[in-house]
Amino acid sequence: MIINFLKLAFRNIVKRKGYSLLNIAGLTIGMSCCLLIFHYVSYEKSYDTFEPNAKQIVRVRLDSYQKGVLAFKSATSYPAIAPTMKKDFPEVENFCRLIDDNLLLSNEEQNKKFSENKGYYADPSTINMFGLHFIKGNPQTALNGADKIILSESTAKKYFGNEDALGKTLVNRSGEHVQPFQVAGVYKDFPSNSHLIMNYLVSYATLGEELRLEGDTSNASETAWGWYDFYVYIQLKPGINYQQLETKLPAFTDKYLNNRDWAKANNYRAELHLIPLSNIHLNSNYNQEAEVNGNGQAVSFLFLIAIFIICIAWINFINLATARSVERAKEVGVRKVLGALRSILIKQFLTESFILNLISLTFSLIIFFSLLHPFDVFTGRSNYTGVALTSNYWLIFFMLFIGGTILSGLYPAFVLSGFKPVLVLKGAFKNTTSGLLLRKSLIVVQFVTSVVLIAGTIIVYQQVNYMRHQSIGADINQTLVLKGPQTIADSLYQNIYQPFKNAVLHQPNIKSITSSSSVPGDEIYWTNSWKRYGDDQSTLTTLYMLGVDYDFIPSYKIKMLAGRNFSQQFGTDDKTAIINENTVKLLGFKNAADAINQKIVRGNSDTVTVIGVTANFHQLGLQKNIDPMIIIPRPNLSAFYSLKFNGTNAQQAIASLKKLWNNYFPKDPFDYFFLDESFGEQYKADLLFGKVFGVFAFLAILIACFGLLGLSAYNVLQRTKEIGIRKVLGASIQSILVLLSIDFLKLILISFLFAIPAGWFIMNLWLEDYAYRINIAWWVFAIAGCVALLIAIITISIQAIKAAVANPVKSLRTE
């Protein structure tokens, strides 16, 4: 019996080639899209899951409240938290702390030097907690003691080539103290799907030694409850639920932080929260993240799109199978007259459905694996060498496949097998109202989805375009940024920098040069608590500090709302400050003019006079709010040099600058970047989401058209005799086109009415993640509806024109 079913199924597939190809094409595209999106989602969800202890590791993060108001949410926290939690909570098995720093590492023997900023000072326990795979060295002792460094495989090769790096020396030349580090280990490169990039790790004890050299006597790297720049990871004992431990943190925080005299005096309150390691990439977008994380909401949207696409493909299958019902009605009638049972017919139609789906699955798997690498390149993961899909997503896909195959096959099977042979063979076969209603409902569902996807594509493009082209309040165009020298002692800096600056300004392509502690796009970690002069300590509030020279504000064309810029003409400007609009409000000044010549105090120490107020400008991308900022004169800071150039020949200017750099700073590498490109990197994830969303939205709409094509074909077949009679009675081609199209156009309009609220709700939810966002305009849905309508008209016309121009004599003979 099974062999007979297979023979009949293949015979019908081959006999009706057009129908079969249309079905297979729709299902193949749907399944291929679903697999590719699952690949993307699977990768995003796989972050940090490769680590052996991933399920037991959580990161401790900090929420800081001042004057009862949330000041900031940070991915980092205090170094003293980790050992204290280990002491107080039996649930904690281990901990590690990481803190990043910019190092200038040099292999003196081979004269290789590089600026490094993708590494950390790390506790020895980091090696086991994060499962670093050692190639050289002893992982148990590699980070014990001071002045030790371990390198990733690619970093070791960068400095030592094919030589064995173990036991060799790398010299850190950043700062005034030259530090030799002994290479104590080499480990395999960390996978790309990690929220941390760890090109090197320096022993945590080294940080303590550096602080002692700088005069620290408090052992701050172990005991500080105010220095919150540390990534703190806790490894829980097996079977411990992190949420249960989190309920104990308020009492812990009160005991060690909030009940301290300085916290009460400063009206300060802290909250600690735990986030599982595997959740960080998609669900953590706080201050001081180690890397730019993904967007969990966007990934969830894409997952739903994958489900919608494959469901649309199966809806098409149902509509196309139903469109053949008239054609196959007589076949069913004859077979029933000859004794075929309904159960046998159902099994036969289900077999046909299964074979078509299986053929489509085979083609979709071929396409999926063929497009895997190009898709990875398209999504910016060209170096990814992991699995195509994790086991969970293979399971989800095959469950969808089995469920979809059965459900999409059952309805046509029951419809076709339910025809009454007497009525069919008499030519009196008609469709039920309920069947027609279901098919129309499926078309409405498809086009609701289509309109939402079209509108969503427009809105995503608008938001990304808005962020990329909106003025940030500072001019970052035609700006070349050099990473400042790290080997020059403070006492010698101005003697070298000023001649370098003069030489740069003599270059024909350079208009200005300015130095600063940070540039737009670079997150500011330098914060301090400030208050108005005369106010009590409870009014202290956190401000983000930016150190600049005298040329920074005019070079970046930052608007001054009141007061003046720093100037060398005023000998007292070292005790002055410029604040932004948000700081004016936060410190309680009436307006910008009211803040001028007012004194503000940092903690209990420095008092400065406000000499100017700038308009707010974006230090970071428009996804985030503008922070309250204080700008102070620090002409000796050399973290970044910003050069404005004409843009006529950037490469020639860079070559000239490199020669000058090597003359004045021979021990420092020449590192540069274009500021507009660097700032735009913050929108990389949004651009990628827009591209992926747009491509798959287009393919979903294409698949939806197959369903409309199927239903229009079904409609034409049902009305073949009516069309023939109308043409004999003189009906024009145009009138027949309207006749065949009007019902579908009504369905599209109904779809449009449902799509507006659904699309607005979904896209408004997505936009809530952005501090600065567009407003959804009514015309977006108007355009989406018109596009959907146009696509529908073109699709319907394929069948309608064919029927309208057909010979009426042949049409009447078909009945």
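Buried means under 20% relative accessible area, exposed means over 50%, and partly exposed lies in between (1.4 Å probe, protein chains only). By that criterion, strand 10 (residues 179-187) is mostly covered, with seven of its nine residues buried. Helices (H or I, at least four residues) and strands (E, at least two) are DSSP runs, numbered from the N terminus.

This is a predicted model, in which local features need pLDDT of at least 70 and side-chain atom pairs count only at pLDDT 80 or more, while totals for chains, interfaces and linings use all residues. Residues are numbered from 1 along each chain as its sequence is written, and side-chain values use heavy atoms, with hydrogens and water left out.

**Overall composition**

- The chain holds 28 helices and 24 strands.
- Of its 815 residues, 52% count as buried.
- The accessible surface of the chain, from the Shrake-Rupley method with a 1.4 Å probe and, for residues, only the protein chains shown counting as cover, comes to about 36,200 Å². Carbon and sulfur atoms account for 58% of that surface.
- A contact is defined by heavy atoms within 4.5 Å. Among contacts in the chain with a separation of 6 or more, 80% are between residues 24 or more positions apart.

**Strand 10 and its partners**

- Two strands pair if DSSP finds at least two bridges between them.
- Strand 7 (residues 134-137) pairs with strand 10 in the antiparallel sense over three bridges. Here K136 stands opposite V186 of strand 10.
- Strand 8 (residues 148-152) pairs with strand 10 in the parallel sense, over five bridges. The bridge partner of I150 in strand 10 is G185.
- Strand 9 (residues 169-172) runs antiparallel to strand 10 and is joined to it by four bridges. V171 has P180 of strand 10 as its bridge partner.

- Strand 3 (residues 92-100) pairs with strand 6 in the antiparallel sense over three bridges. Y120 of strand 6 is the bridge partner of D100.
- Strand 11 (residues 200-203) pairs with strand 6 in the parallel sense over four bridges. G119 stands opposite Y200 of strand 11.

**Nonpolar cores**

- In soluble globular proteins, nonpolar side chains tend to be buried together.
- A nonpolar core is a set of buried Ala, Val, Leu, Ile, Met, Phe, Trp, Tyr and Cys residues joined through side-chain atoms within 4.5 Å.
- The largest nonpolar core has 158 residues, of which M85, I234, F696 and W766 touch the most other members.
- A second, separate core of 27 residues includes F190, Y233, I275 and A290.
- Leaving aside its neighbours within four places in sequence, F696 is in contact with C33, L36, I37, I305, I309 and F375.

- E291 is placed in the loop between helix 11 (280-283) and helix 12 (296-323). E291 counts as buried because its relative accessible area is 19%.
- Beyond its neighbours within four places in sequence, E291 is in contact with K118, H195 and I197.
- F303 lies in helix 12. With a relative accessible area of 23%, F303 is therefore partly exposed.
- F303 and V41 are 262 residues apart in sequence, yet 6.7 Å apart in space, C-alpha to C-alpha.

- Patches are made of residues with over 30% relative accessible area and no salt bridge; like charges are joined within 9 Å and nonpolar side chains (Val, Leu, Ile, Met, Phe, Trp, Tyr) within 5 Å. A salt bridge is a side-chain nitrogen of Lys or Arg within 4 Å of a carboxyl oxygen of Asp or Glu.
- F363, I366, I367 and L371 make a nonpolar surface patch of about 340 Å².
- L371 is found in helix 14 (residues 342-378), and its relative accessible area of 38% makes it partly exposed.
- A782 lies in helix 27 (residues 778-804). A782 counts as partly exposed because its relative accessibility is 24%.
- A782 and A455 are 8.8 Å apart in space, C-alpha to C-alpha, and 327 residues apart in sequence.
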